[in-house]
Protein chains: 4
Amino acid sequence: MSSRMIEIEGHIIDSLILPQIFEIVMDMGGDFEVKDFKIGRFKHETSYAKLEIKSPDDELLDSILVRLRDVGVSVIKEDEARCEPAPGDGVYPDSFYSTTNLDTSVKYNGRWIEVENPEMDCAICIEEEPLRAYTVTLNGVKKGDMIVCGHSGVRVTRPERPRSKDVFEFMASSVSSEKPKEKLIAQIAAQMRSVKEEGGKILLVGGPAIIHTGAGKYLSCLIRNEYINTLFGGNALAVHDLEYAIYGTSLGIYLDKGIPSDRGHEHHLRAINTIRKYGSIKAAIEAGVVKKGVMYEAVMKGIDYVLAGSIRDDGPLPEIETDSVKAQQKMRELVPGTKLVIMLASALHSIATGNILPASVRLVTVDINPAIVTKLMDRGSFQSLGIVTDVQSFLRELCHCLELVV
Amino acid sequence: MSSRMIEIEGHIIDSLILPQIFEIVMDMGGDFEVKDFKIGRFKHETSYAKLEIKSPDDELLDSILVRLRDVGVSVIKEDEARCEPAPGDGVYPDSFYSTTNLDTSVKYNGRWIEVENPEMDCAICIEEEPLRAYTVTLNGVKKGDMIVCGHSGVRVTRPERPRSKDVFEFMASSVSSEKPKEKLIAQIAAQMRSVKEEGGKILLVGGPAIIHTGAGKYLSCLIRNEYINTLFGGNALAVHDLEYAIYGTSLGIYLDKGIPSDRGHEHHLRAINTIRKYGSIKAAIEAGVVKKGVMYEAVMKGIDYVLAGSIRDDGPLPEIETDSVKAQQKMRELVPGTKLVIMLASALHSIATGNILPASVRLVTVDINPAIVTKLMDRGSFQSLGIVTDVQSFLRELCHCLELVV
Amino acid sequence: MSSRMIEIEGHIIDSLILPQIFEIVMDMGGDFEVKDFKIGRFKHETSYAKLEIKSPDDELLDSILVRLRDVGVSVIKEDEARCEPAPGDGVYPDSFYSTTNLDTSVKYNGRWIEVENPEMDCAICIEEEPLRAYTVTLNGVKKGDMIVCGHSGVRVTRPERPRSKDVFEFMASSVSSEKPKEKLIAQIAAQMRSVKEEGGKILLVGGPAIIHTGAGKYLSCLIRNEYINTLFGGNALAVHDLEYAIYGTSLGIYLDKGIPSDRGHEHHLRAINTIRKYGSIKAAIEAGVVKKGVMYEAVMKGIDYVLAGSIRDDGPLPEIETDSVKAQQKMRELVPGTKLVIMLASALHSIATGNILPASVRLVTVDINPAIVTKLMDRGSFQSLGIVTDVQSFLRELCHCLELVV
Amino acid sequence: MSSRMIEIEGHIIDSLILPQIFEIVMDMGGDFEVKDFKIGRFKHETSYAKLEIKSPDDELLDSILVRLRDVGVSVIKEDEARCEPAPGDGVYPDSFYSTTNLDTSVKYNGRWIEVENPEMDCAICIEEEPLRAYTVTLNGVKKGDMIVCGHSGVRVTRPERPRSKDVFEFMASSVSSEKPKEKLIAQIAAQMRSVKEEGGKILLVGGPAIIHTGAGKYLSCLIRNEYINTLFGGNALAVHDLEYAIYGTSLGIYLDKGIPSDRGHEHHLRAINTIRKYGSIKAAIEAGVVKKGVMYEAVMKGIDYVLAGSIRDDGPLPEIETDSVKAQQKMRELVPGTKLVIMLASALHSIATGNILPASVRLVTVDINPAIVTKLMDRGSFQSLGIVTDVQSFLRELCHCLELVV
């Protein structure tokens, strides 16, 4: 019989951490004995538990401790993080520690260092002069980088559920098209105002349905009024926006009349050809060919944007980053400083963005398909809000709540 | 080899009737020879075709002719309709003619009689004094009723596609959440105005999501302004509307604040109990307990409504018709005179309504689930318009287009 | 400042009850102080907590205590249940206690009585001679029945999460079409065998897709081999099953050839007419008209079934209970003794069944639409398993796992 | 008033071409007069129509004729195709003719030339020595390429609907999860056998749900038995297949036990790292690390495959073509010779494949989500079959029909 003493402190009961510990130990075939337990007597006090974890053998005990560290448990007398050099460019050492999107620290030379840019499914690289730890992607790792291996000396901080609840958090608990959404959108508008005032960045990830449904004018208005600092999308978003700017149609339908244009299904390809002829969206704007729309406002306001390519694209436009690894890297570089992310009617780009976001960023997801909203919100965080509605209604109401003139 | 001469006249080419005839004959293993064909030389002229239908044997020939009659073909020298008495209450003769929802006539004593109240999946009953033909449901047929049997002497008129197209018809062709819907809703508003002016009736079929999403105030407004003549729904629509009138909540959520009421999940049951205590919705209104909402306006305006029960109902309310056959009958009686049907976020009640509507009635279907919209629109008619959006956005925009003060 | 002492004992940490208590108190604006806390030191030991609940005023304190009782908290020195007579047939007293589907007891004359037949959204009726408590539906309550009012003296027992986990429980945690389902179905087969051996009842709720997809033969086989004790469905399930028995088609498609029958869309109506002619399904079986299928096996095996009507029904068949309140009552009477419920491709009937089931019954839900599976499983219980697949594949695999010859 | 004489010959009535012509002319505001009409008197005879098309002005007349050419109408005395040189690399001339996926010919120097590799949303390039015409993508066009402009001299052949119908074609008409699918899958198996016998190629496009549902063994079996010539997929398909080969899990779930592996959610990243360490899938196979699975069989059989990258990828694997334009090009090069395409549970890769396929290739689409099946089948062709089911059931049944030992 092996055993080891662990301790944990914090809001471990209402954050569900203690029950989780019990569950992990029992699920994995171990046993526990509570040696000490101090429950916070008032709501601002933290609780403390000291437990002896028992197991039939050392190997299982290690597995259990590895799992427990991920929920924030400290094995008393904590070990150092162990590093190995990457064996080649783009290859981690075999036993690399695989990251979560939670705030993470590593113990190195006796002190805890916070890991920069938390991102899931990466490794942690340690540099000595000056001492720092950061996530490194599989594609970005270089031969010889010092990579954290195993689970010793790694500590993960699960966001504690805030004790007070606002409407935002309440409504987030379930995804349904049957909720009164006017209040939800008003809350999002309030969030946007406060992020803007505090100098945080707002990132919008959008799909082409924004344009097809005639909601491009609302997104344009948000950009013009400096509510969007960063825009992620694909070829289709930009193409149909530019088609609208040049021809007045999206997918060949006149957005102001709701009827199809003769041969309008060719407009998107002709729009791409036109932009390619000028060499860039900016050049087409300068030439007076594009005078309105989402891309027009994005270029005029000089906001950051990444248009990432995909294999279903026509053209594509000159601005498209066709290499998926480079596109991810460009997106990743724009994330720091982001306080709020709004994902609108885009599965591919939203999932890609979700992959690179730290768990601590607030997230609003809007789609008419409840399955997509559920999928995007499933990030183990208390910071997500999903709304099932059509994107045109959402953006119109959002502009209304922000008192913008469209 | 058997053969028979048939003829058909009308807009048989652009209404796709002629190709359908060819297809039916060939699919069933027959053959045809075109004996005469006059195509309308101008767009207002009808076309005429005379064809010899051939088949290896009499039995198959009969089957083919039976099918062809349904698309409006006349066998030259048309036979009379054949009748048999119903063998018992609620039972048709074995070989009864099963109806479609299309305009239908029967040949009886040498003259064509139009069948009253076309409805699918019924039989045709003929009365002699005075001479009339009407659809009779399986449940409604009485022993001895003269029921049309076989296919002789029955003629069905498929609605011809109008030669000019309005936006309404164009957009109806496909169901998508990615269409610019503001124009579509403006068209529906225009339809409603014109039906109202011409004295036709507008029937609304609604589900409880109207209330949960906070759109009850828009539907109330439509009723108050006399845009709705008939309302079909279920227990849940009325219960949550009354819950809102009494408690300010729907499903326990305060609609004006978007937050849940303490023990609010009990409100719907308490609302039902309250109405039962007074004996009826009307009595609760008179007692001053219910002062607003959809049912309030429906009662105050005196519009016709049917609240049909289902096995998933709580309570139910006193007004609910719990017997499904009686509920169908009540709904059926309110259909004549209806020119436009709007189905909102209700699968069960909408399908039931679709079952009893003639193909000639215009139909608008709104749901956030595209599968439900597609299913409801699949009625072999050129008169249906489907919109994939949430019902709150739809109703708000509709009231806006009708310039109503909510 | 008001306050009250409460205590709770059990597996309150790993069953998430203690965190829930903290959350409720704080959400509602109260405060708490932990006066005593004994955590179970070994996994078979229960824990105990004594807390002082504080609130600015008595009214809020009462609201908080009311909510806490639902999670099993005892206010020290527990009050008696308070009763009032029902003011009329079909009407509860205003302040009636509204039930959950959890195991419930009431304190009456100094002793705790278990409430019979737990069902959500009902009231509790107490009879004195002999002393018993049972749920009574709004429709079933009679004038003068003694109905429990308020929350004093009512105790609800939330099912504690089992400490050991089987595959069944693990997989139940999420609904996805992307799980390896062969193992899941093998587990369900094992459950069915063990329920059958122990003499428990298995209830199957089914929709017509069972027949359309050609899976009727598998369900027939389950009934023939006595794996189904009770069958709930609607007119459509029985009609298409009988259509298949009489014509070999379902919805007019020959199930063995996959091609449509000429005029096959009339078969369902002709099948209904045939059964009506004989007077009942049983009479049609005796006359030799129906020789196979789900209803054939159900009648021959003499299992209990309820075919509940709905307003979208054609016909209906003579066996249909067209009154929704009576149908609910018939279903309710067949629930006691049921240990496992399998819901297949039926939203309406499954929701209705879910409404009348105690939380303690195991539930398997199968549908190709993940939204329906999620909705049906959302019952606050650890006893539900959802599978997203088509019903034909599910039933074929289930028969395979049970080693049945189809 | 302008007018022009046109003629058309073929199965123009049962292929719905004549009604389409009438509709186009009237929708666009023109008028027509039928000058001559000969209907095929027997089913093997074609029909002929000569019409005078009239319009208020020349410009509209031209627009109408442009549209009519797309349905195969010849303006009597047909003009030559007009060419212009591409103004730059990656840019078409402004008035380029935008292609469909239908068989197309261009009239050049007095003769009709068939356009090679029909693909939608491209331009047509003409080379003189030797004389040929082919589609060229926007990305592939070079400065100076002779590109067909305007609509003169371009003729499109819409596939005529076959006069006889097989089950395949019948069932294709609608997408539903409620069809008896065993017969459908048997038909697909028969198609696969006959394509294989005739030396045609079968292309499979697959998503990772194939692996997650445990169906990888069936796809492996199809490849091993030479039923698949080409495989299109993404990083996720290959990663989870390799995860299974290395760890026995997919998404961390043991496929043979249905339970999760401890820390199994890291397996996919560790699998990618392992393959990167060896440098390629092939090298990992040679090293004995990968011994089974879809990629193993694909490499061992030497079939063609394209693994296209996307921005949501982890890693990615060394084999991934991360540049979307290059990936499209690789896919495009493998299409010629393909007679049957099977798309399984993959939206992104299936849409991309659909974009580059000629309309003449038979297509089978399988997904559990009916919306995706409907979207992929909407290609204006009579050659598509959609099945709504889970991919594991489909592949198991397909292997069974092909009598393969899995």
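Tutor: The answer begins with one chain and then turns to the interface.

This is a predicted model, in which local features need pLDDT of at least 70, side-chain atom pairs count only at pLDDT 80 or more, and totals for chains, interfaces and linings use all residues. Side-chain values use heavy atoms, with hydrogens and water left out.

Chain A contains 14 helices and 19 strands, where helices (H or I, at least four residues) and strands (E, at least two) are DSSP runs. Its C-alpha atoms fill a box of roughly 80 × 50 × 35 Å along the principal axes. Of the 406 residues in chain A, 61% are buried, that is, under 20% relative accessible area with a 1.4 Å probe, protein chains only.

The interface joins chain D and chain A. To the contact (heavy atoms within 4.5 Å), chain D gives 50 residues and chain A gives 50 residues. The size of an interface is often given as the accessible area lost when the parts come together. Between chain D and chain A, the buried area (the accessible area, 1.4 Å probe, that two parts lose on being put together, summed over both) is about 4500 Å². Carbon and sulfur atoms give 50% of that area.

Two salt bridges are found across the interface of chain D and chain A; the term requires a side-chain nitrogen of Lys or Arg within 4 Å of a carboxyl oxygen of Asp or Glu. One salt bridge links the side chains of D:Asp94 and A:Lys277, at 2.9 Å from N to O.

Key: Residues are numbered from 1 along each chain as its sequence is written. Chains are lettered from A and ligands numbered from 1 in the order in which they are written. Buried means under 20% relative accessible area, exposed over 50%, partly exposed in between (1.4 Å probe, protein chains only).
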